[in-house]
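Hi everyone, thanks for coming. Let me walk you through a model I have been looking at; here it is on the screen.

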Amino acid sequence: MADILNHLANNLPRRKFDAVIIGAGGAGMRCSLQLAEAGYNVAVLSKVFPTRSHTVAAQGGIGASLGNMSEDNWYWHMFDTVKGSDYLGDQDAIEFMCREAPKVVYELEHFGMPFDRNPDGTIYQRPFGGHTANFGEKPVQRACAAADRTGHALLHTLYQRNVRARTQFFVEWMALDILRNADGDCVGVIALEMETGEVMILEAKVTVFATGGAGRIWAASTNAFINTGDGMGIAARAGIPLEDMEFWQFHPTGVAGAGVLITEGVRGEGGILLNKHGERFMERYAPTLKDLAPRDFVSRCMDQEIKEGRGAGPDGDYVLLKLDHLGAETIMKRLPSIREIAIKFSNVDPIKDPIPVVPTIHYQMGGIPTNFHGQVVVPKNGNSNSVVSGLYAIGECACVSVHGANRLGTNSLLDLIVFGRAAGNHIIASRFKDEGHKRLPDNTGDATLARLARLDGSTSGENTQEIANDIRRSMQAHCGVFRTADLLKEGVSQIMELDKRSLDVHIKDKSKVFNTARVEALELANLTETAKATIVSAEARKESRGAHAHRDFPERDDVQWIKHSLWYSEGNRLDYKSVNLKPLTVDSFEPKVRTF
């Protein structure tokens, strides 16, 4: 069998590039643009057409301290981000991101991105959850938006610029595994053309992960069906740990029963949350920021209202998002897509009636560990880090960590642009283009082909989607807004059993052309790695911090738990590393109790 695989691997078609980028969302296309304009031969792989990447679903805005509506500065933005992260974010990376924010937004403006405008022609900025002036004193308008379709505008802007720069797109291609040589350097990727089933080796001087999140490991999610944790699965199989995977953000306002996102921009424009009594309950929990407190806090408050019997609807299982008081003109101008979503998915016209909403899984704060240049780093000799040469990760699949235990609204699109650009700049400065391609290992492709052979040769076993749905049900039940020791322990047991079941799936259609079942089986392998990393990391963290709310350990423990978790697939084991509390140029923000 080994001889056959070696023969097949040696005969796989090969192509060479200066850079291969896996993922064509905001991060991937911002990085590819930087490289293509610098003369790099760039290939971008995407499971869908680039403008269908999940960044297209981002609604609310990009955070940047432009100060167009009132006084603002990057230091206040940094404070809000550190506080929002519940002090688990690395403050050097956070300072870098917040300092760069105005620059990258003005750059997008010059690229042609159609931001909303003020009467004087400057970029309009709306309020957003957790954004404050003067270190928490009062709300500030910091979100740069294109109505409620900011991600859509961003993707189309970046795609057109990439076409102009002659970036090469491999549309409907799926990366299967990265290739590492004997020194541990990344030397390329092995990928599948989804239309034909052809497997190809793409040699690269530098490889960039920009694969997005893995929200489809939950049953109720705002994420697209393509968000199956491919970057995390590939990295884990290559021996790279996954960082802070216990921290997943539940967005407060997903449409009840559908999970479709209702942007925080609704509350930024003046929308308010009500319980069944018509009470604006957030005033009790967050007297200063009210409905614009950070997302983890609002989600828990909503969950508490529902559990204490003040939920709305026949079953009392949601709360109401009221925006009719804003007026039809404002809704049609600033929130047109939200009205469309509400009508289609909840049969409610928000110009007349409130929208039923519940907390819904939305965003992963953890991912592949990197520094703020985008280089993948793994711990070595205690607390020092070792860079994986030739490998970068950016966007939601990466853990820089600027989001810590809870991401501040609008920092997701900012993360994509800042670190996509930063990774591109670092690759250019490192002169990868001037290097030759490193030699591929002798066993290149063997493991991938063995995995494909096992799938294609299966004659019995379970249906892929049955196992995937069981993973989603288990994660929803055991790793939700509030967690307990018993729930998490049972969840670990169930996910580990599902991991075993995932090794025995049956694909009825043995053709390789347009075989979606084959692709789904490959995605399942990535889903299981991500689910294991999440539930094992969550079960081990004995405190409540940010999005990790643990009923048996309700307090934040800054003595034992200001540290990043690192989950390794091999041995299903955990390790930890320190949080970087030292910024680049300013004083540290020391951990304090979060009040709003």
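Let me start with helix H9, which gives 7 residues to the lining of the second largest pocket, the largest share from any element. Before I go on: this is a predicted model, where local features need pLDDT of at least 70 and side-chain atom pairs count only at pLDDT 80 or more, while totals for chains, interfaces and linings use all residues. Residues are numbered from 1 along each chain as its sequence is written, and side-chain values use heavy atoms, with hydrogens and water left out.

Back to that pocket. By pocket I mean an open set of points on a 1 Å grid over the protein atoms alone, where a 1.4 Å probe fits, with protein on both sides within 12 Å along at least five of seven lines; lining residues have an atom within 4 Å of a point. The space in this one is about 630 Å³, a volume being the space filled by probe spheres set on the points. Its lining counts 25 residues, with Phe297, Arg300, Ser544, Pro554 and Glu555 nearest the centre. Besides H9, strand S20 (549-550) also gives two or more residues. Helices here are DSSP runs of H or I with at least four residues, strands are runs of E with at least two, and both are numbered from the N terminus.

What does H9 lie across? H9, residues 295-310, lies across S11, S12, S13 (319-322) and S14, running at about 60° to S11. Contact means heavy atoms within 4.5 Å, and angles, from 0 to 180 degrees, are between N-to-C directions of lines fitted to C-alpha atoms, for helices over the stretch in contact.

Those strands form an open, antiparallel sheet in the order S11-S14-S13-S12. Its edges are S11 (248-255) and S12 (272-274). S11 and S14 (355-364) pair over 6 bridges, and Trp248 has Gln364 as its bridge partner. Two strands pair if DSSP finds at least two bridges between them.

The other sheet, also open and antiparallel, runs S10-S21-S22. Here S21 (563-568) and S22 pair over 6 bridges, with Lys563 opposite Ser578. H16 packs on this sheet, touching S10, S21 and S22.

Finally, the largest nonpolar core: 74 residues, with Val20, Phe209, Leu242, Ile368 and Met475 having the most contacts inside it. H16 (516-540) gives the largest share, 10 residues. Such a core joins buried (under 20% relative accessible area, 1.4 Å probe, protein chains only) Ala, Val, Leu, Ile, Met, Phe, Trp, Tyr and Cys residues through side-chain atoms within 4.5 Å. Leu242 touches, among others, Ile368, Ala533 and Trp567.

Methods:
Buried means under 20% relative accessible area, exposed over 50%, partly exposed in between (1.4 Å probe, protein chains only). Lists of a residue's contacts leave out its neighbours within four places in sequence.
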